[in-house]
Amino acid sequence: MTNQRLIMLIFFLQPIAFGAWLPRIPDVQQKLGLGPAELAIALLGMPVGILLTLPFAGPFVAWIGGRATILYGFVVFLALVWLPTWASSIEVLFVALAIVGVALATLELGLNVEADAIEKQSGQLIMSTCHGFWSLGIMTGSLIGVGFAALHVAPEWAVPLTAAVMLPISVFFARKLPLLQTGEATAAEAPSRRRLPSFALLGVCFFVFGITMTEGAVADWSAVFLRDVFGLSGASAGFGYSIFAFMVAAGRFAGDRLKASYGPVAVARACGIASIAGLLLVVASPAAWAALAGFAAMGFGVSVGFPLAVTAAADQKDRPAAASVAILSFIALLGFLLGPPLIGLIAEHSDMRFGLGVLVPFLAVSLLLTGRLKPAARVSAQDAQQAASRA
């Protein structure tokens, strides 16, 4: 198996256990007797974990490398991902999600740094395809969660069982990753280490915020939306996210080819328009089938945003690639995890349609910032030699 295919497989394996948790959120909400606002507060636990982790995760991953981060990260993450299902109160749920957030942030940063290193080493575009496999993995996990729900297996048993099955498989393949110089060598390439991110990197980060905010909102609220608005059962309501994740995967599998043909900016703009159109269809949907179609359009619309942003961030030369990707991941995961609580708080005082509609201006900002994904001009070896001789 080539390194490119190996990292794609690992991207697929990583979110399966987490995906099995997502369709069971309404079950945990019901078990604890939480309203939308209370659930929103509990869901803030994971952003807190992310906030506490990513400022340190960038230097940590640059130090030990992407392979080691993935290998040990799998063990820690899969040992903790089931904790929220056993929560006995809103406070315990908050803390459990914060703990999972710490493990998730570090592991996903390692995945992105390793994928960028393999892409640069091979010269083959793989970032979007890697994230396509991630989406396929979380879709697979969500379908597993739906299956357990249909079989009436309680989430506090279903998610740990899924994690236990994934642990030996994930570690086995993580051990096969190559030892690439993603740490010290990457740091040596950076001409400077400015404390504040450049405007170019901030533009990429703010572009991805609305994209991942939408992903997080659909992950946490699609099942609740379909249940509350259209009265679908737990298993049927879970298909909303499965369809969304399938379309995210489809868009990402096509992303590298589309990027090579049309460039990242044009692809991001077309997908941005699709995501806004899909969201408006969901908000105005007269029936469940229309909402599912809207979730499908949203999935394709947000599909390539994050992988395009990872490449653009890693290309910034003001700091090591791991540090740039850590900053991007911080903003991206912040969007992914702050979106759901915001929607819950708004839905508590209005309804679920208006709550999801709040995503429109954030997606509009992402659409306006697609120009930040334009590749930086690269200096050829001949130009560099000429410049050196003139100096």
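This is a predicted model: local features need pLDDT of at least 70, side-chain atom pairs count only at pLDDT 80 or more; totals for chains, interfaces and linings use all residues.
Begin with the largest nonpolar core, which comprises 110 residues. To find your bearings inside it, select Ile7, Trp21, Ile70, Phe77, Leu93 and Leu328, the residues with the most contacts within this core. Then colour helix H11, spanning residues 199-230, which gives the most to this core with 16 residues. In soluble globular proteins, nonpolar side chains tend to be buried together.

Stay in the core and centre the view on Leu93. Once residues up to four places away in sequence are set aside, Leu93 touches Trp21, Val28, Leu32, Leu34, Ala42, Pro84 and Ala87; of these partners, Trp21 is also among the core residues with the most contacts.

Next, turn to the surface and select Val75, Val76 and Leu167, which form a nonpolar patch there with about 200 Å² of accessible area together. Val76 belongs to helix H6, residues 66-80, and because its relative accessibility is 44%, Val76 counts as partly exposed.

Finally, select Ser128, which is placed in helix H8, residues 127-150. Is Ser128 buried or exposed? With a relative accessible area of 5%, Ser128 is buried, since the cut-off for that class is under 20%. Display its side chain together with the backbone of Arg252, and you will find that the Ser128 side chain reaches the backbone oxygen of Arg252 at 2.9 Å. Leaving out neighbours within four places in sequence, the residues in contact with Ser128 are Arg252, Gly255, Asp256, Val304 and Pro307.

Notes
Residues are numbered from 1 along each chain as its sequence is written. Side-chain values use heavy atoms; hydrogens and water are left out. A nonpolar core is a set of buried Ala, Val, Leu, Ile, Met, Phe, Trp, Tyr and Cys residues joined through side-chain atoms within 4.5 Å. Buried means under 20% relative accessible area, exposed over 50%, partly exposed in between (1.4 Å probe, protein chains only). Helices (H or I, at least four residues) and strands (E, at least two) are DSSP runs, numbered from the N terminus. Contact means heavy atoms within 4.5 Å. Patches are made of residues with over 30% relative accessible area and no salt bridge: like charges are joined within 9 Å, nonpolar side chains (Val, Leu, Ile, Met, Phe, Trp, Tyr) within 5 Å. Accessible areas come from the Shrake-Rupley method with a 1.4 Å probe; for residues, only the protein chains shown count as cover. A salt bridge is a side-chain nitrogen of Lys or Arg within 4 Å of a carboxyl oxygen of Asp or Glu. A polar contact is a pair of N or O atoms within 3.5 Å; within protein, one must be able to donate a hydrogen and the other to accept it, and residues adjacent in sequence count only if both atoms are side-chain atoms.
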